[in-house]
Amino acid sequence: MLYIDGQWTKSQSGEQLDVTNPATGDVIQQVAKGGAEDSARAIDAADRSFAAWKKLTAKERGAYLVKAADILKEQADELAETVTKEMGKPLNESKGEVNLAIDYLYWYAEEAKRVYGETIPASHPSKRLHVFKEPVGVTAAVTPWNFPVAMITRKIAPALAAGCPVVVKPASATPLSAIKVFEAFHDAGLPEGVANLVIGSASSVVGEMTKSSKVKKITFTGSTEVGKKLIRDSADTVKKVSMELGGHAPFVVFEDADIDLAVEGVVGSKFRNAGQTCICTNRIYVQDTIAEEFSKRFVEKVQALSIGNGLDDGVEIGPLIDGGAVEKVEEQIKDATEKGAVVLCGGQRVSRAGEQGGSFFEPTVLGNATDEMVITKEETFGPVAPIYTFSSEEEAIERANHPEYGLAAYAFTRDISRSYRLMEGLEYGIIGLNDPIPTTAQAPFGGMKESGTGREGGRQGIEEYLEAKFVSIGNI
């Protein structure tokens, strides 16, 4: 079902969409498939609700977020199971995602009360200068399949807190998680039209969002290619945009690092969600003096990872989202080995009894990786870890900085001076120093260069949904 103007409804066309479990290949449910007409209805509903919603106090808006968060907290285990069924990640990872999603709601319920204006000293005694913060207006949010709960709340929590009604288009692969989030908002008593859910194809649903003059902002998480198109399509109506796009994160390990901690860090970063995260490690740079020992310990850890259905106990690596993702991984491995890379472990599809339809792939480590390989330049979004070597700090920084991507980077070192040089030298919006999992609700998340524009999370996240209005008062 779609959720428009406070009501659960079928799509105008009556079409439905299959939701498939990537671990088994089985269709687990069908949902309504919306189109341009449904998107337009949702936009109209959001537009009608704007005047009343923005007039509520910050405390009142925040109370709805808290109530929805409380409901999701009660249903956390059920919601985590839904996430695992429709996108494949291990259940413990799904539980972590759900907790993060709930954190965003609680965080922005409080941040709503901290939207401050300014009084500016005037240059003339008869004037008074003020800056007011106001909600930008109806916001369209387009979310990805790899974090189908957290990416929704990370966008709509600050939007609603700021006073902006929202229309959400979730990934077609993972609509069931989105439905459960909106059930929580419905049960929390959110006013009609303030939050709307339209499931369907991007071309029709999102196309309506970008062309509508009623939509004042687009927020998107996904590929750089699609993000660029959304920016272009939004230009005619000069919408405000937030784009969290592709990444190609380097993980740099210096010779003074604790090797065991670095190995654990790379495993946690690279193989979380089977490598299907925008901030997961894509390139591992290891100082040549420790490369052999690091590779040995790393391969041992990777070979011990358990592959299977994310609902099963002890599983650490679930399936890739679909067959196309498996093919992309295979193509990158083939290109790398043809150019001199060595498969240190993994490298093959996995067939499992009773799960022949599942898109499983072995966690893979490549040695002798070089800058000429496709995997060095293009995002993998799969469980493949190429290892490169370097000799100096300057070389490591230069090679770690990608000409296009600038989302996240990681480095392990015990040298405090080097840490500061890395903070300043790495051209990334997020840097994890001795920390492979830096994401948290109270900190800004976003990239530089072609990895995006704007920030989500932290106090910076709510600013993306506000306009600054300057008022000059004369003849005082």
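Analyst: Two strands are taken to pair if DSSP finds at least two bridges between them. In this predicted model, strand S10 (residues 215-221) and strand S11 (residues 240-244) pair in the parallel sense over five bridges, with Lys217 standing opposite Lys240 in S11. The path between these strands passes through helix H8 (residues 224-234), and S10, H8 and S11 together make a right-handed β-α-β unit. S11 also pairs with strand S21 (residues 452-453), here in the antiparallel sense and over two bridges, and Glu244 stands opposite Gly452 in S21.

An open sheet of three strands can be followed in the order S5-S6-S22, with antiparallel pairing. Its edge strands, S5 (118-120) and S22 (466-473), each pair on one side only, and neighbouring strands of this sheet are turned by 25 degrees against each other on average, direction ignored. S5 and strand S6 (residues 128-135) pair over three bridges, and Thr119 stands opposite His130 in S6.

As for the nonpolar core, the largest one holds 146 residues, of which Phe185, Met209, Phe294 and Phe298 touch the most other members. Helix H5 (residues 150-162) supplies the largest share of this core, nine residues, while at least three residues are drawn from each of domain 1 (2-245 + 451-474) and domain 2 (249-433). Leaving aside residues up to four places away in sequence, Phe294 touches Val253, Ile259, Ala262, Val263, Val266, Ile284, Val286 and Ile387.

How values were computed: Residues are numbered from 1 along each chain as its sequence is written. This is a predicted model: local features need pLDDT of at least 70, side-chain atom pairs count only at pLDDT 80 or more; totals for chains, interfaces and linings use all residues. Side-chain values use heavy atoms; hydrogens and water are left out. A nonpolar core is a set of buried Ala, Val, Leu, Ile, Met, Phe, Trp, Tyr and Cys residues joined through side-chain atoms within 4.5 Å. Buried means under 20% relative accessible area, exposed over 50%, partly exposed in between (1.4 Å probe, protein chains only). Helices (H or I, at least four residues) and strands (E, at least two) are DSSP runs, numbered from the N terminus. Domain bounds come from an automatic or database domain assignment. Contact means heavy atoms within 4.5 Å. Axes are lines fitted to C-alpha atoms, for helices over the stretch in contact, and angles run from 0 to 180 degrees between N-to-C directions. A crossover is right-handed if, with the strands pointing away from the viewer, the path from the first strand over the helix to the second runs clockwise.
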